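This report covers a sheet, the helix across it and a chain interface.

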Amino acid sequence: MKVTVKSWTAVATWRWVANDDNCGICRMAFDGCCPDCKIPGDDCPLVWGQCSHCFHIHCIMKWLNSQQVHQQCPMCRQEWKFKE
Amino acid sequence: MDADKKRLQKELMTLQLNPPVGIKVNGDHGSSLTTWYVEMEGATGTLYEGEKFQLLFKFTNRYPFDSPEVVFTGTNIPVHPHVYSNGHICLSILTEDWSPALSVESVCLSIVSMLSSCKEKKRPPDNTFYVKTCSKNPKKTRWWYHDDKV
C-alpha cells in the first residue's frame, strides 16, 4: 500500500528549564508569565544570576531598579550579576 | 488585578489553607487586601508561651518590592527589647534588609523567632523617648540594628 501524506499539523510543547517552579518574586509559575505580562514565552523570559537563582526578567529588573545602594539577589543576598 | 494584589491574594490563600503553627490570618480584609490582621501565639517553651498577640500588616501597591509596614497592635504588645510599647518592631528585614523573596509568612516566623530567643522580658532602653517622638509609620524611623543576640 502506498500512502500519500497530504497535510500534517505539528504540535509541540515547551517549558523553561529552571531549578524551581515559581518565581521567588511574583510567585507565579515560571511556565506562566510575570503579573504584568499576558503571554508566557519569549516575551517574558527568565534570567539567571551568577548565584544560580532565577527570576522573570521583569521581576528582577523591577527589584534591581528599586535598589539604590546594593543590588542583591532576593534569595541569597549575594551581589546580583547576570549569568552570561 | 494588579501585580501586588495577585501576590497578596496568593499569599492569603496559602496562609489560610496551610498556616504555620501559632499563626492565623483573620479572614476579613475587605476587598482591598492592603491591610491584614494576623493573630500570633507565643511559642511553647519560651517566655511568651500562652500569650496572644496581634500584628497589623499594611501593604503599598509597590509590594513585594516595598516592604510591608508591620506593627504589633491590640491590647497585648509583647514586652521585648526590640518591641516598643506602641507596637513598633526593630527588625532589619522590615526595612533595609527586606527582600521581595520574603513574605507575610516569613515575616511572621521571623517575629516569632525573635520573641522566642528572648531571655528577659524588658522594653527597649529608649522606649519612653521613642514612643513620644516617633512617626506613626515605623518605616519612617531610622533604625539602628546593633543587637543581634535577641
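Two strands count as paired if DSSP finds at least two bridges between them. The model is predicted.

**The sheet of chain B.** Four strands form an open sheet in the order β1-β2-β3-β4, with antiparallel pairing. β1 (23–25) and β4 of chain B are the edge strands, each pairing on one side only. Neighbouring strands are turned by 25 degrees against each other on average, direction ignored.

| Strand pair | Bridges | Sense |
|---|---|---|
| β1(B) and β2(B) | three bridges | antiparallel |
| β2(B) and β3(B) | seven bridges | antiparallel |
| β3(B) and β4(B) | five bridges | antiparallel |

Individual partners can be named. B:Lys24 has B:Glu39 in β2(B) as its bridge partner. B:Glu41 stands opposite B:Lys52 in β3(B). B:Leu56 is bridged to B:Val71 in β4(B).

**Two faces of β3(B).** Which side chains of strand β3 of chain B point to the buried face? They are B:Phe53, B:Leu55 and B:Phe57.

Helix α2 (residues 104–116) of chain B lies across β1, β2, β3 and β4 of chain B. Its direction makes an angle of about 35 degrees with β2(B).

**Chain A and the interface.** Nine residues of chain B are in contact with 12 residues of chain A. On the chain B side, five are nonpolar, one is polar and three are charged. In chain A, an unreviewed UniProt entry lists residues 34–77 as "domain: RING-type". That span is 23% helix and 14% strand, and its end C-alpha atoms lie 22 Å apart.

Technical notes:
Residues numbered from 1 in each chain as written. Chains lettered and ligands numbered in written order. Predicted model: local features only at pLDDT ≥ 70, side-chain atom pairs only at ≥ 80, totals over all residues. Contact = placed C-beta atoms within 7 Å. Nonpolar A, V, L, I, M, F, W, Y, C, P; charged D, E, K, R; others polar. Buried ≥ 20, exposed ≤ 12 C-beta atoms within 10 Å, placed from the backbone. UniProt positions renumbered as here; feature names shortened; annotations may be inferred. Axes fitted to C-alpha atoms, helices over the stretch in contact; angles between N-to-C directions.
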